[in-house]
Amino acid sequence: MSLLAVDDLSVSIGMVPLLDRVSFSLDRGEVLGLVGESGSGKSLTAMTLMGLLPLIGGRITAGRVRFDGIDLTTLPEPAYRDLRGQRIALISQNPMTSLDPILTVGAQIDQASRLHAGLSAAAARARSLDLMHQLRIPEAVAIHGQYPHQLSGGMKQRIVIAMALAGDPDLIIADEPTTALDVTIQAQIIQILCDLVAERGLALLLITHDMGVVAQACHRVSVLYAGRGAETGPVHDIFARPRHPYTKALIGCIPREGQAPGTLVGIPGMVPTAFAYPKGCRYHPRCTAAAPDCRTEVPAGSIQGVGGSIVFCHHPLEVGHV
Amino acid sequence: MAALTALRSAIASPRGAPSAAILALAVTAAIAAPWLAPYPYAAQNLAGAVMEPSAAHLLGTDEFGRDLLSRIIYGARVSLGVAVTSISLSVMIGLVLGAVAGYLGGWVDRVLMAVADVTWSFPEILIALVLIAILGPGLSSAGIAITIGYLAQFARLTRSQIIALKRETYVEAAVSIGSGHMHVLARHLIPNALTPVIVAGMLAVGDAIILEATLGFFGLGAQPPLPSWGALMSSGVAQIYLAPWVILFPGLAIAVTVIAINLFGDALIDALAIRNRLKER
Amino acid sequence: MFGYFIRRLLLLIPVFLVMSAVVFAIVHLVPGDPIDNMLQIGSSPERRAELTAKFGLDRPLVVQYGVWLDRVFHGDLGDAIILKQPVVSLILANLPHSLALGGLALAFSASVGIAIGALATFFRDSWFDRSVMTIILMGATVPNFWLGLLMILVFAVELGWFPVSGARSADALVLPVLTVGLGGVALIARVTRAAMLETARQDFVFMLHAKGLSKRQIYLGHVLRHALLPVVTILGLKIGWVVGGAVTIEYVFARPGLGSLLISALNQRDYPIIQGCLLMLGIAVMLGTLVGDLAQAAMDPRIRDGMR
């Protein structure tokens with residue numbers, strides 16, 4: 001059984017339904033990429049898994065989330081709090097704003113260790129320094145006593161990762177961990193995260209809009225569009241044989257070596273807002289292969305090919321179409 | 001007009017309706033005092049001094065036997081009159097200073113704002129006391145003190161509005177087609193900065209009533225026998241054993257009026273949807 | 001921190017010069033001849049000549065200001081005209097009373113105001129939050145001196161719990177401190193609540209939830225701590241407000257203090273006392289903002305590094 005299993009998860013904020021029957025699963029030692037444009041529901045999924053929906057007035061309306069055999073959809077808040085940080089940790093989008101600006105970064109890592117491992121102040125500090133060394137932070141002792149604004153973005157993100165590791169979690173959810181960073185730093189941070197999965201055997205849910213990052217770091221990928229699943233499957237299979245037109249378009253957005261100038265294409269149009277989701281397949285207004293049934297019928301998932309990819313499309317692309 | 005619509009919806013709102021009624025009452029009292037007051041405000045009657053509220057004197061009499069209700073009604077005229085006049089003056093001067101500072105920028109801005117910052121850090125009551133030290137006690141001194149005491153607030157608010165507006169495209173367009181500075185300020189900037197400043201001014205009237213009352217209470221504002229709500233209480237502690245109503249009712253008049261001003265101002269801010277614009281800087 | 005302290009201290013010099021120049025100028029701005037204003041009617045020409053020489057009124061204003069400032073720095077604020085005592089000794093006699101009242105009122109408003117503001121935020125939108133915030137809105141609209149008079153009426157005259165006025169015993173301080181402090185409680189509670197609500201919306205607070213901290217740990221350990229930054233600044237700024245409130249309340253409760261001294265001097269037009277008191281109150285306001293800013297810098301590393 002998977003460590004994390006999300007089945008037909010639907011989430012609303014207030015009266016507005018945002019996620020509609022989203023499913024994916026994740027195992028230890030595995031990296032799952034959750035991909036989509038902004039507004040597709042990626043971050044909302046992260047928030048749901050962290051049990052923090054009430055903070056933004058959201059709630060689960062249907063479906064089930066199981067983590068290591070625990071049903072998270074019915075877990076009471078005190079028990080959920082014991083999971084947060086300790087078994088499921090979050091690395092957020094923007095390291096610039098995710099650290100408390102008036103506490104030293106060291107104190108913030110220490111706090112996580114003390115909270116989750118019940119360590120003394122001295123032991124927590126030793127553990128923080130140890131974690132910082134593992135993340136290849138130079139001069140850890142000096143950095144430990146510095147404030148967030150004194151550090152670079154990449155360094156701050158390492159601190160956030162150290163903080164996430166302090167509870168020794170089984171699952172890390174990384175919500176666009178490199179979006180706010182310089183390109184040169186992005187690769188380093190992704191490498192650090194992949195190493196952690198390999199070394200510690202933890203599960204990583206990597207939320208991103210960048211198919212390039214997915215190709216580089218993930219074992220499997222799950223593509224979201226406008227709050228619904230589009231395609232899920234092994235990375236090599238999906239990149240070699242995308243069956244959903246949206247997936248194919250996303251892959252088409254990655255610049256390639258040797259590509260002729262001017263041939264890089266974006267996807268025309270925008271992700272619809274939750275107030276104006278189209279009927280039928282939500283992608284049909286932007287889809288180049290839309291047929292009449294796409295405008296009226298919501299596509300169901302179908303298993304395609306030997307890799308076990310699941311595609312939500314009335315007219316999946318033929319294999320070998322690329 | 002948008003302003004009228006907002007005013008109407010503020011009056012209709014749950015907070016606005018009762019406060020608008022109270023304000024209308026206070027303003028009526030101020031305007032129609034000679035017809036509303038049962039007695040002249042200065043008519044003494046030493047035989048009937050310090051009488052409890054009764055049918056003849058609904059709110060009782062003071063130490064000179066003057067009818068308290070009449071004095072409170074006339075007091076509305078003095079207190080509201082001074083507060084509204086001084087604040088209007090303050091708003092006008094503040095608008096001009098703030099607009100010039102915000103529009104011109106540079107050293108003019110820096111000097112004006114440095115002065116505003118210094119006066120701003122001192123409480124209005126201290127600024128008022130300094131001015132009264134110079135001008136001597138009296139109603140007009142209190143008025144000038146109020147005008148100057150709140151000037152910094154309006155100048156700063158106008159300035160921040162102007163600076164925000166200056167970046168709007170239509171202002172840049174006006175400048176680029178060669179409109180003069182005065183034209184741009186008078187036609188485009190000041191009218192658009194006006195609403196929040198006027199609403200802030202309205203709220204400041206409440207503070208000004210309290211400031212005038214405090215000065216009057218010290219005997220530094222309206223001079224006897226002229227009644228202002230604060231001056232009515234200037235006999236202060238001496239009266240509290242014998243005639244607590246002399247303290248109670250004028251204070252109540254102030255409190256109710258100021259609460260009404262604040263609530264109505266709040267309703268107006270919501271109706272105009274300018275809460276963010278009232279925050280400076 | 002030391003560099004910040006020096007920079008902040010240097011900023012005070014122009015403020016002090018402007019403030020003291022205004023205080024100095026009071027005598028010269030009074031309509032009519034300053035000496036006439038200071039003398040009682042029928043004073044002798046000798047007294048007139050004596051005062052003219054004493055204030056150096058025959059010299060240029062800038063020189064007069066310099067001389068006056070020099071004397072102020074040497075602890076000489078002149079002699080009171082009616083009381084015929086050195087102003088400095090009058091001020092020193094009254095200062096402890098004002099400090100006791102102001103200090104206690106400030107401590108009262110800070111502790112109670114922050115506690116109420118924090119509780120209201122923690123139980124946001126509950127009946128506690130709503131009723132407290134309504135009372136506070138009302139409280140801010142009541143004239144301070146009237147509140148004092150009501151306090152006297154209820155707690156001193158009717159209930160007889162505390163003395164009506166004076167400063168002979170410690171319990172005579174209770175009502176004045178409450179009166180000055182309550183206005184501050186309203187303000188501090190409002191600022192604390194607004195600052196906490198704003199902090200609670202920030203990303204890092206969301207991360208603290210994700211870290212597994214309880215709401216109480218987050219609000220007490222982080223959100224409140226951040227909210228204290230603006231509160232401390234306001235507290236510093238409002239030293240001036242406490243001074244202003246104390247001026248009023250000393251008069252209401254007939255307590256000795258700088259405020260009472262100033263009000264009676266204003267009524268008697270005793271200019272040396274007026275100048276001395278205003279100078280002291282002005283310095284108190286300046287020191288208040290300084291202390292507020294320094295406290296904020298001590299709490300916020302970004303300010304120490306000059307980032308804000």
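In chain A, strand E1 (residues 4-13) and strand E4 (residues 58-67) run antiparallel to each other and are joined by eight bridges; strands here are DSSP runs (E) of at least two residues, helices are DSSP runs (H or I) of at least four residues, both numbered from the N terminus, and two strands pair if DSSP finds at least two bridges between them. The model is a predicted one, in which local features need pLDDT of at least 70 and side-chain atom pairs count only at pLDDT 80 or more, while totals for chains, interfaces and linings use all residues. Residues are numbered from 1 along each chain as its sequence is written, and chains are lettered from A and ligands numbered from 1 in the order in which they are written.

**The sheet of chain A**

- Strands of a sheet pair through backbone hydrogen bonds, either parallel or antiparallel.
- Four strands of chain A form an open sheet in the order E2-E1-E4-E5, with antiparallel pairing, and its edge strands, E2 (16-26) and E5 (70-71), each pair on one side only.
- Within this sheet, A:Val11 has A:Ile60 of E4(A) as its bridge partner.
- Helix H1 (residues 42-49) of chain A lies across E1, E2 and E4 of chain A and runs at about 70° to E2(A), where axes are lines fitted to C-alpha atoms, for helices over the stretch in contact, and angles run from 0 to 180 degrees between N-to-C directions.

**Contacts between chains**

- Two residues are in contact if their C-beta atoms, placed from the backbone, lie within 7 Å.
- Two pairs of chains are in contact, and chains B and C share the most contacts, whereas no contact joins chain A and chain B, whose closest C-alpha atoms lie 22 Å apart.
- Between chains B and C, 31 residues of chain B are in contact with 38 residues of chain C, and H11(B) gives the most to the side of chain B that touches chain C, with eight residues.
- The residues on that side of chain B divide into 24 nonpolar, seven polar and no charged, where Ala, Val, Leu, Ile, Met, Phe, Trp, Tyr, Cys and Pro count as nonpolar, Asp, Glu, Lys and Arg as charged, and the others, Gly among them, as polar.

**Two crossing helices in chain B**

- The axes of H5(B) and helix H7 (residues 139-166) of chain B come within 9 Å and cross at roughly 135°, which means that H5(B) is oblique to H7(B), since angles under 35 degrees count as roughly parallel, over 145 as roughly antiparallel, 65 to 115 as roughly perpendicular and the rest as oblique.
- Where these helices meet, the residues of H5(B) include B:Leu112 and B:Trp120, and those of H7(B) include B:Ala152 and B:Arg159.
- By class, the contact of H5(B) with H7(B) has six nonpolar, one polar and two charged residues.
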